[in-house]
Amino acid sequence: MYISNYRPRSEAVFLLFLVFLLCCIARLFLIQFFRSAYLTGIANKQHNLFVELEPLRGIIYDTNLKPQTINIPMDSLFASANAIKDKDKETIIRQLSQILNINQAYLRDRLYRKKSFIWLVRKLTPGQSQAVKKLNIKGLGFLKESKRFYPNSYLASQIIGFAGLDNVGLEGIEVYYDKYLKGEAGWAVFLRDARQKKLGPLEEKMVLPKNGYDVVLTIDEVIQYIAERELDKVFKTYHARGASIIVMDPHTGAIIALANRPTYDLNVHSKVSKDRIRNRAICDLFEPGSVFKIVTASAALEEKKVNEEDKFFCENGSYRVASHILHDHQPHGWLTFREVIKQSSNIGTTKVAQMLGPDIVFRYIKLFGFGSKLEVDLPGEVSGITKGPRQWSKISIAAIPIGQEVGVTTLQLVSAISAIANGGQLMKPYIVKEIRDKQGETIKKFSPVMVRKVISLDTAARIKKILTGAVEEGTGRLAKINGFSAAGKTGTAQKLEPNGTYSHNKFVASFIGFAPAEDPIIAIVVTVDEPHPYYFGGVVAAPVFKNVAGDSIRYLRTNQLVNESIALNEPR
Amino acid sequence: MRLSKFLSTVIFVTCLCLLYVYQHTEIFRLAYVGQKKEAQFQDSLDKNSILRYNRESNASLVSIGNKISGYADFQMPDGYRLVRLMPSREGLKLNQEAANRQTLLSRLFGIKRQAEAKTINP
């Protein structure tokens, strides 16, 4: 059987098909050349879904790689207000308000806007998210967003800081190292099915997000806890207005712990006042009082103007300088230079400063890093206040050497005492050890930086001995640690009243020191603002030093022993 | 051209087209399966990060410290709260002799046994 037998009929069919084909070709031609761009656009909109891929924010670790931050994916609720019928809106508002515990007016304002996408609540708790999903409301949708959580709640809160709703750093390390932590967003174009749902694995194009780098701090979680625990005790016991503590490795300038009171829980930062968020240890200035005598003492020994056994008459507790009468907290007669520092005599120190002259005293104040920023890698550091010798009044020589008429930060004090502890080198304080990627490869490493040589090794050793005496038998006896030697200096500074006079009931109690005295491994500064009823640095701040230094040294030594035994037992 | 040849060509082309369509439906079916699995995987990852957070926050020094200080308000037991237990065949038994014994001090200052602990046989 051949087609040729039916030729006329087959020709008619063929012709019909040919005409149909020609029509199709003509239509296709029109579509291809005249409506192509328009139709491609519509098709792309229907088939493709552009999605921004959020990068994972970097983790902040302590020095032993314990995570201080964790990213948890959370559901964020949005509404396509256009897709919700007006008659259903009031019911939805009532239901959501109950589950999400938000104001109905807020929801009403959002749901009645003529928009196809509007956020209702971002980063819901898993419970809230489940409850909303159960309602199965058409026009409501969820998007995954990662939320920053802080497993240690208030620990090192003023150092770590926090990131906001869009995962942008707002405080502390989170803002200072934001460019490393935030990463780079990626994007993808996914295929969509007829129901406009994303077909997950079928992507047209994709640029992967670059996750943020991890930041490793110099902070040791355990020492930070010890410092916070003790600071908390003193803050509560003495009903203080504020308190700060910094623990530093004197040889490197690495900050091992830094805490302030009052503090706050990082997981509920949005409800906290600015006063609690402020990092007082680097942002607040105060007159240091007697702890500042270490500068005068160092200058005197370095300039070889005095030696430890030189005697000074301390005027039995009352000494006139210009129009001002200077007092000691307890009257002294003749004291050696060593005893002047040990007993914290204001008159003795003033007489030493008068021997040195304003220029030398000021030079050493600057050498120890007061009056200028130490460039620590934390936001908000202030430089402090120091007056040049030309601006000194007649009584400045009796005020500045004993820690009045100057404004310093707790950080500057810990750097200064570290310079004495490490043999005379002022180290740049730093809080980030390294920045690494997700595979653990180091991207940037921060090494100790010596700012300048302040005093000689010999002077540092002599000051150490004097400060050891201050703890052993001077004003800092309550800082004596069982089993270790310690060196330090107490300070009790009167606060300035708004009218410019010194207050008689508002003080800043402080203690600066290091331990063990002969080979220091930690330097500590404790400041307590307005403690009541006791206010002496030797009574309020010295015990904090004792407890923190004792526990920290025991911990560090145990840690060292454990690490050594692990290293010994490692298979070779 | 023979009709049979024409028909077989049509059938062959149709089969090819069907195969092409089948392949596409398979791609989409597998995409749905993949999507479902990806959602499950994502869900597991989410749960994992929540568990990790819970573990970290429970194991944190702050949490342990709070728990310890929560138990730290214990009282030292007074004399009358102390009982002596003796091992016996039935288990631990209250030593009646020791429990009834009053010391000279307790007689003088009136510290008397006010409560007794009773052993429970296992």
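Biologist: At what angle do α12 and α15 of chain A cross?
Modeller: In this predicted model, where local features need pLDDT of at least 70, side-chain atom pairs count only at pLDDT 80 or more, and totals for chains, interfaces and linings use all residues, α12(A) (residues 293–302) and α15(A) (residues 358–367) cross at roughly 115°, and their axes come within 9 Å. Axes are lines fitted to C-alpha atoms, for helices over the stretch in contact, with angles from 0 to 180 degrees between N-to-C directions. Residues are numbered from 1 along each chain as its sequence is written, with chains lettered from A and ligands numbered from 1 in the order in which they are written.

Biologist: Which residues make that contact?
Modeller: α12(A) contributes A:Val295, A:Thr296, A:Ser298 and A:Ala299, and α15(A) contributes A:Ile360, A:Val361, A:Tyr364 and A:Ile365. Contact requires C-beta atoms, placed from the backbone, within 7 Å. By class there are six nonpolar, two polar and no charged residues (nonpolar: Ala, Val, Leu, Ile, Met, Phe, Trp, Tyr, Cys and Pro; charged: Asp, Glu, Lys and Arg; polar: the others, Gly among them).

Biologist: And how do α3 and α4 of chain A cross?
Modeller: The axes of α3(A) (residues 86–100) and α4(A) (residues 104–111) come within 9 Å and cross at roughly 135°. A:Lys89, A:Ile92, A:Ile93, A:Leu96 and A:Ser97 of α3(A) meet A:Gln104, A:Leu107, A:Arg108 and A:Leu111 of α4(A). Five of these residues are nonpolar, two polar and two charged.

Biologist: What does A:Lys89 touch there?
Modeller: Leaving out residues up to four places away in sequence, A:Lys89 touches A:Ile84, A:Leu111 and A:Tyr112. The C-alpha atoms of A:Lys89 and A:Arg108 are separated by 8.1 Å, although the two residues lie 19 residues apart along the chain.

Biologist: Turning to α1 of chain A, how many of its residues are buried?
Modeller: The number is zero out of 28, so α1(A) lies largely in the open.

Biologist: Now the interface. How many residues of chain B are in contact with chain A?
Modeller: 19 residues of chain B are in contact with 22 residues of chain A.

Biologist: Which helix of chain B supplies the largest share?
Modeller: α1(B) does, with 13 residues. Both α1 (3–59) and α2 (61–71) of chain B supply at least two residues each. The side of chain B that touches chain A divides into eight nonpolar, six polar and five charged residues.

Key:
Contact = placed C-beta atoms within 7 Å. Helix = DSSP H or I, 4+ residues; strand = E, 2+ residues; numbered from the N terminus. Buried ≥ 20, exposed ≤ 12 C-beta atoms within 10 Å, placed from the backbone.
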